[in-house]
Every structure is written in C-alpha cells, then in structure tokens.
Amino acid sequence: MKTNIKYFAIAATALFASCTKQLDISPEGAPSSQNFWKTEQDAIKAEASMYEKYNEEDYYGRGMFWFINASDDMVTGRNKPEADNIKNFNRSYIGGGYTETQWSMRYAIIKRANDIIINVPRISMDENRKKQIIGDAYFNAGLVYFQLAANYGNDKAGVPIVTPETDATVPVPRANNVNENYDYIISLFLKAAENLPYFSDMSSSDYGKGHKTAAWSYLSKVYLYKKDYTNAAKYADMVINSGKHNLLPTFVDVFKAANNWSQEYIWSVVCTPDGGGTGWGSKLPGVMLTNKAWGIYNGWGYYLPTKELYDSFETGDSRREATILKPGDKFQFFGAERTFTKDGGATSNYQFKKYMEPFSYKDPIPTHVNPNGDNGTTDLNVPLMRYAEVLLIKAEAIINLNGSGAGDTELNKIRKRAGLLPKSGMTLVDLKRERRNELAGEWADRHRDLVRWGDAQATYAKPLHDFDGTVIWPARTFNPQVHDVWAIPQREIDNSSGVIKQNAGW
C-alpha cells in the first residue's frame with residue numbers, strides 16, 4: 001500500500017493489529033472499523049498502536065540521527081555514502097536509505113492519534129482513563145508534527161496539516177509556512193496538557209506515555225523555535241515551578257538505566273534489551289559503540305565525536321569525560337577495565353560515552369544489553385527531552401527578552417552540576433556553549449540549533465578534526481536559503497501526484 005499524504009488511509013486491520021509489546025498489549029485478531037471502538041480495551045489498544053512506529057530502524061532506532069549527524073559535534077564513523085550525502089547537504093541523498101520513511105511513519109502516527117481523538121470520546125469507559133488516552137493522542141500528534149515541521153518546514157512552506165476532520169482520500173498540500181504548523185502544534189500540546197496527568201500521578205504500567213509536564217516542555221520548545229520567547233519562558237516556568245522535576249546530583253547519573261524515570265526525566269525512548277528476543281526502542285547505544293567493540297560485541301561505530309566538540313568544554317567541566325572517550329581513557333566494559341582504543345577503520349579517535357553504562361556490567365546480556373548486536377538496544381531509555389533542556393530553553397528565552405545575565409540562574413544550576421564555578425552576565429554565546437555541552441550526542445539536535453541561530457553557514461565552512469588535529473571532515477557548503485530544511489522524500493511528492501512540492505533548492 002502506498003504511504004502517501006492522502007492521509008495514509010491505513011486500514012483498521014493494519015492499525016490496530018500492530019499494538020506494541022512495549023506497552024504489554026497483545027493484539028487479538030484483526031478488528032475492522034465497524035467492530036472496533038466499542039470498549040475500553042479497544043481504546044487502550046489504539047493508544048498502544050501510536051508507539052509502534054517509534055521502534056522502527058528509521059525512527060528512534062537510529063534513523064533520526066542521520067539528520068543530527070550533520071552537526072559539527074560528530075562525523076560519520078565508517079564509510080557510508082548515503083550518510084556522507086546527508087552530512088554534506090548533497091541532494092543525491094533524496095530517495096536514499098535511512099531517512100526516506102521518516103515522513104510517512106510520522107503521518108501514520110498522526111493518523112492513529114486522530115482516530116483516537118475522533119472515536120474514543122464515544123466509548124463508554126472509565127472517564128479518567130478516557131481523558132488520559134485522548135491527552136496522549138494529542139501529545140503524540142504534537143510531538144511528531146513538531147519533528148516534521150522543524151526538519152522540513154520554513155518560512156517558504158510548512159508541512160501538510162492533517163486534522164481529525166481531514167478527508168482521508170484527498171491529498172493535502174503543504175501549509176503556507178512553518179509558523180502555521182507551530183500554531184497547530186501548540187494547540188495540540190495545550191489540549192494534551194489539559195487532559196494528561198502529572199507523571200508522579202501515573203501508575204508504573206503507564207510509564208512512557210504522555211504526561212502534563214512533557215506537554216508543557218514541548219510547548220516551551222515549540223515557542224522557542226517560533227521565536228515567541230515570552231511563551232517559551234512561560235511554559236518552561238510551568239515545568240520548573242511544578243515541583244515535579246529537578247537535576248540529578250551528578251551528570252553521569254542521567255545516563256544510568258536505574259534513573260530512567262528520575263526527576264530529570266521528561267520524555268525518552270522507552271528501551272529494553274530483550275523484548276521477545278529482539279528488544280525495542282533506540283539502537284543508539286549500540287550504534288555509537290566502537291565498531292566491533294574490541295571483539296566483544298557488535299558495535300556499529302557511527303556518529304563519532306569531533307575535536308571541535310571536545311575542545312568546546314571548559315577546563316574542569318565534568319560533562320566532557322562523561323560524554324566522550326578518547327585514546328588512553330579508562331572505562332568499564334563487560335565487567336572489566338579497558339583502555340580506550342579506536343577501531344582501525346574509524347573516522348575519529350573519539351567515541352560518545354553517554355550511553356555506555358549498560359555495557360559496563362559483567363555478563364550484561366540479556367539483562368542490560370541486547371543479545372543481538374545487530375539490534376543494539378539496552379535497558380537505558382535514551383533521553384529525548386530532560387529537565388536540563390527545559391532550564392536551557394528558559395535561559396535562552398529570557399536572554400533574548402531581557403539581555404545578558406537574565407538566564408544566569410538557570411545556567412548556573414547546570415554549571416554547578418558540571419563542577420564549574422558560577423558566572424554572571426552570561427550572554428547567548430554562553431547559552432549556546434552550555435546547550436552544546438549539556439546535550440551533546442542527544443536527540444536535542446545540535447544541527448537544528450545551529451540552523452535556527454543562523455550559525456550553520458559559518459560553522460560548516462570550517463573542517464572538522466580528530467584527536468590529533470588532523471582533518472577528518474572537510475569544510476562544507478551550507479546555503480541557508482536551501483539547507484535550513486531537509487528535502488521532502490521524493491516518493492511522498494510522487495504519491496501525492498505533485499500536490500506536495502519539494503523544498504526550494506533541493
């Protein structure tokens with residue numbers, strides 16, 4: 001079946017038979033739209049179906065990171081022409097692997113969320129559960145719309161807005177601009193926040209689903225991207241003042257599986273090393289692990305750090321050693337101390353360390369690490385949004401509103417945890433460094449930050465370097481009038497019979 005912007009008219013049999021094991025929902029038969037949407041169990045299964053696509057290879061599996069890999073923080077660790085084309089903003093990546101299905105998967109999730117919004121209100125069921133499921137649908141729709149809009153939309157054209165009322169048989173053109181998308185996304189997150197409980201009020205069986213402060217956090221980020229700094233600060237403050245979140249005492253604690261649901265948690269990819277023998281969630285820990293992992297495990301060796309990232313940390317910043325391994329560093333791997341050495345064919349002498357904790361234990365398979373190295377998931381939930389980013393959003397917003405020093409309170413909380421002395425009068429330059437150092441190698445997306453700050457062209461005009469100062473990636477040409485967005489997948493343009501237009505210049 002073609003997955004196109006004719007609203008991805010996915011049959012109910014496909015939609016609801018794909019409920020995820022991740023949320024402990026087992027599909028029963030293949031219901032049709034006529035006999036579905038009758039019971040509370042139908043609503044619960046429909047909610048679970050929204051999460052199924054996140055486990056795909058090209059989604060949080062690792063696919064999104066091919067876009068993030070464009071930044072100056074990392075390089076493609078092994079020869080991969082498709083990845084090189086993306087990093088070099090070469091239009092020949094269009095139609096290639098890794099990124100082509102990300103558009104359609106997100107619209108499939110939107111379809112599933114919209115079906116919940118339409119149908120669940122009519123079901124006779126526990127009203128609190130009904131409200132939570134509807135809120136979760138609004139949250140997931142807002143989340144994937146934000147990912148679509150930020151990657152593909154600009155002031156020239158947004159992405160198609162597909163509401164619950166949209167005719168599924170008619171191709172939908174692109175919004176006039178990305179601000180139209182952001183306004184719609186804001187309306188979704190507001191409805192999500194209205195309906196969702198606080199995470200602290202949820203049962204453990206519902207962990208990983210949408211909750212109130214996650215909706216507020218993403219509202220603040222959408223407003224930040226929209227450059228509405230007043231509302232970005234407002235919703236960041238709602239999270240901060242809720243009393244539900246705090247920074248963990250040490251930076252390294254954030255990346256321990258035991259702290260998957262800590263006070264710093266806002267939103268993560270829910271991961272397991274052994275879900276029915278395959279695991280689910282993000283493969284990022286295995287993908288970032290050194291290729292072949294010294295003969296012990298099947299690391300993939302992609303997304304390796306640069307000297308530019310390493311050198312950006314201040315002296316004494318504990319985040320540097322917690323984030324990056326360099327030659328000669330000692331670390332625990334499969335229960336033994338090792339000295340870091342790179343794979344012989346690796347582009348860079350560095351490796352990201354953030355996601356290594358599950359590999360530190362003696363005999364970590366299958367308790368902490370997937371038995372299948374081709375699917376290197378672990379028991380560490382990979383963060384998508386955490387409390388530290390909310391503080392950074394607040395700081396960025398109020399510096400833009402009120403000038404240097406306005407974000408000192410928030411930035412110094414982050415600096416204190418990193419073992420750094422407080423500073424006063426911090427500017428956007430300081431903010432940019434703190435955001436880079438705090439969130440390096442995470443889904444927060446350094447590339448998108450550089451684009452929205454207007455810094456991408458100058459940054460990418462410089463080559464990237466290895467541990468010893470040798471060039472490992474040449475300077476690149478970034479045209480801000482073209483490369484501020486990624487290309488629409490060609491198959492979506494074709495399947496829409498030309499209703500969807502390509503981003504200018506691609």
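**How the terms apply to this model**

Modeller: In this predicted model, strand β2 (residues 265-269) and β8 run antiparallel to each other, joined by four bridges.

Colleague: What makes β2 and β8 a pair?

Modeller: Two strands count as paired if there are at least two bridges between them. β2 and β8 have four bridges, so they meet the definition. In one of the contacts, Trp 267 has Met 385 of β8 as its bridge partner.

Colleague: Why is β8 called largely enclosed by the rest of the structure?

Modeller: Buried means under 20% relative accessible area. Five of the five residues of β8 (residues 382-386) are buried, so the strand is largely enclosed.

Colleague: How do you know that helix α9 is mostly covered?

Modeller: By the under 20% cut-off, 14 of the 15 residues of α9 are buried.

Colleague: What span does α9 have, and what is expected?

Modeller: α9 (residues 212-226) reaches 21 Å from its first C-alpha to its last, close to the 21 Å expected at 1.5 Å a residue. Lys 227 follows α9 and has a positive phi, near 65°.

Colleague: Which helices supply at least two residues each to the lining of the largest pocket?

Modeller: They are α8 (178-195), α9, α17 (446-453) and α18 (456-460). α17 gives the most, four residues. The pocket has a volume of about 510 Å³. Its lining has 25 residues, and the closest to the centre are Gly 153, Asn 154, Val 451, Arg 452 and Asp 484.

Colleague: How many residues of the lining are nonpolar, polar and charged?

Modeller: The lining has 10 nonpolar, seven polar and eight charged residues. Gly counts as polar, so Gly 153, one of the lining residues, belongs to the polar class.

Notes. Residues are numbered from 1 along each chain as its sequence is written. This is a predicted model: local features need pLDDT of at least 70, side-chain atom pairs count only at pLDDT 80 or more; totals for chains, interfaces and linings use all residues. Side-chain values use heavy atoms; hydrogens and water are left out. The expected span of a helix is 1.5 Å times one less than its number of residues. Buried means under 20% relative accessible area, exposed over 50%, partly exposed in between (1.4 Å probe, protein chains only). On a 1 Å grid over the protein atoms alone, a cavity is a set of points where a 1.4 Å probe fits but cannot get out, and a pocket is an open set with protein on both sides within 12 Å along at least five of seven lines; lining residues have an atom within 4 Å of a point. Grid points are joined across faces, edges and corners, and a volume is the space filled by probe spheres set on the points.
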